[in-house]
Amino acid sequence: MRRARWWLLGGVAGLVVVAAGLWLWSSTNRSSTPEDAALAYVQALESGDADAVAATGIDVSDTALVAFAAATAFIEDSEVTTARREDDGTSAVVPISFRLDGETHTAQLTIAIVDGRWSVDATGLGTLTVETTIGSDVAIGDATVPAETAALLLPATYALAAAPETLLEGESAARVLPGMKTTTTLDVVLRPEATAVAQAQLDTLLESCTAESAEVPDGCGIRIPWGTEFREVDAIRYRIDTAPVIALTPAGFTAEGGVLVATITGIAQNGEARTTTYRTDSWSVRGDLQFTADGLLLSAW
């Protein structure tokens with residue numbers, strides 16, 4: 001039985017321990033046995049050092065490494081026991097135990113020969129699925145993972161936050177264990193800043209909607225009853241007296257109270273040139289709202 005433990009010492013003794021640890025990682029990274037590979041891996045997890053984890057040879061994404069660097073708790077008191085080698089001689093199963101957040105856990109790591117060295121495979125990772133009430137992404141430190149999708153992460157405890165954090169509010173925590181599937185729910189609410197950003201986007205959209213044109217644009221909430229008076233429209237000029245004020249819901253938006261003036265120039269039904277001005281004091285727009293990792297997107301109907 002091999003046991004990985006880490007102690008914090010001061011002064012020269014601390015330097016000796018660090019140097020010994022670096023030598024240990026260098027030697028165990030060569031992984032002469034499955035037990036060596038498992039030991040190197042759990043020691044790297046205990047250290048909280050993402051670079052040390054990557055150096056063990058495990059196939060792990062950059063996103064998982066960035067998230068691991070922001071973990072709030074790492075495994076400790078890990079133990080590695082004798083491997084059970086498979087008949088093909090190129091893989092083995094190594095039982096491990098460890099503590100995380102004060103609780104004891106066990107797992108079995110599959111170790112395989114990759115590029116001439118023993119390395120832990122995907123059994124050394126866990127999956128985390130975060131279900132959110134609003135938004136399509138979840139922040140873990142500087143990393144972002146998609147909501148409603150199983151993300152492969154390194155064993156640790158993580159602080160979760162709604163993304164983007166500038167527009168959404170919601171926090172939770174999740175524990176990821178090797179070879180295990182974890183699902184958690186993140187309750188998210190809109191920050192006031194989300195309404196301000198959405199209103200600015202809507203104002204830009206409506207400026208585009210009200211550019212001079214010969215046709216009434218779609219998805220702008222503009223309806224002009226010119227059909228009974230005009231045979232042909234040459235140009236429509238708009239003036240926004242009051243922009244609709246937006247209100248958000250988790251999946252969409254409504255914007256009401258707008259005042260819009262439209263002046264149409266064209267050919268009347270009797271064949272003569274005609275110019276008519278229309279005004280509405282109840283201009284409204286509705287649409288969908290989508291939050292991304294970086295912001296939000298409006299899509300008007």
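Me: Which residue stands opposite Ala-159 in strand 13?
Reply: The model is a predicted one. Strand 11 and strand 13 (residues 171-176) pair in the antiparallel sense over six bridges. Within strand 13, the residue opposite Ala-159 is Ala-173.

Me: What is the bridge partner of Val-138 in strand 11?
Reply: Strand 8 (residues 137-140) runs antiparallel to strand 11, and three bridges join the two. In strand 11, Val-138 has as its bridge partner Ala-162.

Me: How many of the eight residues of strand 11 are buried?
Reply: Strand 11 spans residues 156-163 and is mostly covered. A residue is buried when its relative accessible area is under 20%. Of the eight residues in this strand, the number that are buried is seven.

Me: Is the disulfide of Cys-209 and Cys-220 left-handed or right-handed, and why?
Reply: The sulfur atoms of Cys-209 and Cys-220 lie 1.9 Å apart, and the two residues form a disulfide. Cys-209 is buried, with a relative accessible area of 6%, and Cys-220 is buried as well, at 3%. Because the torsion about their S-S bond is about -70°, the disulfide is left-handed.

Key:
Residues are numbered from 1 along each chain as its sequence is written. This is a predicted model: local features need pLDDT of at least 70, side-chain atom pairs count only at pLDDT 80 or more; totals for chains, interfaces and linings use all residues. Side-chain values use heavy atoms; hydrogens and water are left out. A disulfide is a pair of cysteine sulfur atoms within 2.5 Å. Buried means under 20% relative accessible area, exposed over 50%, partly exposed in between (1.4 Å probe, protein chains only). Helices (H or I, at least four residues) and strands (E, at least two) are DSSP runs, numbered from the N terminus. Two strands pair if DSSP finds at least two bridges between them.
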